[in-house]
Amino acid sequence: PLSIGGDHFVTYPVIKALYKKHGPISLIHFDAHSDTWTDEDGRIDHGTMFYHAAKQGFVNPESSVQLGMRTINKDTHGYLVLDADWLHSRGIEACIEQVRKRVGNNPCYVTFDVDFLDPSCAPGTGTPVCGGFNTYQAIQLIKGLAGLNIVGCDVVEVAPPYDHAEMTALAGATIATNMMCLLASDKPDKV
C-alpha cells in the first residue's frame, strides 16, 4: 500500500496489517519527531504509535531507522536514530548506506512525515520544526532506497489549512510519486 494521510497515526493500522502478512516489519521513518514516546496507558496516537508498534512486535526496532529527528527523545527503544545533525553533517550517501546496512533484506515500511522537510519547504503541517531538509534532499534519500524489500509506504501530516501557495501539498505529492516508483521497481534478491 501507499497511504496518504493527515495524522501520522494512520501508519499504525497499516503496519499492523502488514505484520499479519510479513511478520515484524523494519521501519524507515522520516520525521522531525521520534513518535516513540512511552505511554503505558494503552493510548496510541501520533506521538506514541512507533513505541507501541515495537512493543507489540509489529516493528523490529533493531532493523529500523529514524531519519531527521530534530526533537530529542533520549529513549530510542532500539531504533537507530540518525538525527538532523547527523544527516546534515554526513550527507545523503552516508545515510543511505546506514539505512541499507540496518534494514538489509527485511520487509520494510517507509513512512514520511512531511515535517521531515524544513518549514521553508513545507509550511503546511501541524508541528513544523526548523533545521530540516529540502525537497531535493528528501527525493534523493527516497531514490536511494530502491531495491529494498519495501512492502508499503506513506506520506503523512500534510495540513492544507496551514499550507502557503500549496508548497506542502506539492512536496507531499512529489514524495508520494517517488514512493510509488519504489513500490513499482524490481526488488533484487539481495541488497
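Predicted model: local features only at pLDDT ≥ 70, side-chain atom pairs only at ≥ 80, totals over all residues.
Residues are numbered from 1 along each chain as its sequence is written, and side-chain values use heavy atoms, with hydrogens and water left out.

Let us stay with His-8 for a moment. You will find His-8 in the loop between β1 (2-4) and α1 (11-22); helices (H or I, at least four residues) and strands (E, at least two) are DSSP runs, numbered from the N terminus. His-8 counts as buried because its relative accessibility is 1%, the scale being buried under 20% relative accessible area, exposed over 50% and partly exposed in between (1.4 Å probe, protein chains only). A second polar contact, of 3.1 Å, links the side chain of His-8 to the side chain of Asp-35. Leaving aside neighbours within four places in sequence, His-8 is in contact (heavy atoms within 4.5 Å) with residues including His-29, Asp-31, His-46, Phe-50, Asp-113 and Glu-157.

Asp-35 deserves a look of its own. This residue lies in the loop between β2 and α2 (49-55), and Asp-35 is buried because its relative accessible area is 5%. What sets its backbone apart is a positive phi of about 55 degrees, although Asp-35 is not a glycine. Most residues other than glycine have a negative phi. Ala-165, in the loop between β6 and α6, also has a positive phi of about 55 degrees without being a glycine. Is Ala-165 buried or exposed? With a relative accessible area of 66%, Ala-165 is exposed.

Gln-66 sits in strand β3 (residues 65-67) and is buried, with a relative accessible area of 1%. Not counting residues up to four places away in sequence, Gln-66 touches several residues, among them Thr-36, Tyr-79, Leu-80, Val-81 and Leu-82.

Next comes the nonpolar interior. In soluble globular proteins, nonpolar side chains tend to be buried together. A nonpolar core here is a set of buried Ala, Val, Leu, Ile, Met, Phe, Trp, Tyr and Cys residues joined through side-chain atoms within 4.5 Å. The largest one has 36 residues, and Ile-28, Phe-30 and Phe-116 touch the most other members. Among the elements that give two or more residues to this core are β2 (26-30), β3, α3 (84-90), β5 (108-113) and β6 (150-156). Apart from it lies another core, of 15 residues, among them Tyr-12, Ala-53, Tyr-79 and Val-151. As for Ile-28, its contacts beyond four places in sequence include Val-65, Leu-67, Val-99, Tyr-109, Val-110 and Leu-148.

Now turn to two helices, α4 and α5. Their axes come within 10 Å and cross at roughly 35 degrees; axes are lines fitted to C-alpha atoms, for helices over the stretch in contact, and angles run from 0 to 180 degrees between N-to-C directions. The crossing is right-handed, meaning that the near helix is turned clockwise from the far one by less than a right angle. Here Ile-92, Cys-95 and Ile-96 in α4 meet Gln-137, Gln-140 and Leu-141 in α5. The residues of this contact divide into four nonpolar, two polar and no charged, where Ala, Val, Leu, Ile, Met, Phe, Trp, Tyr, Cys and Pro count as nonpolar, Asp, Glu, Lys and Arg as charged, and the others, Gly among them, as polar.

Ala-84, in helix α3, is buried at a relative accessible area of 4%. Ala-84 and Arg-70 are 14 residues apart in sequence and 5.8 Å apart in space, C-alpha to C-alpha. Gly-152 lies in strand β6 and is buried, with a relative accessible area of 0%. Gly-152 and Val-129 are 23 residues apart in sequence and 26 Å apart in space, C-alpha to C-alpha.

Technical notes. Polar contact = N/O pair within 3.5 Å; in protein donor to acceptor, adjacent residues only side chain to side chain.
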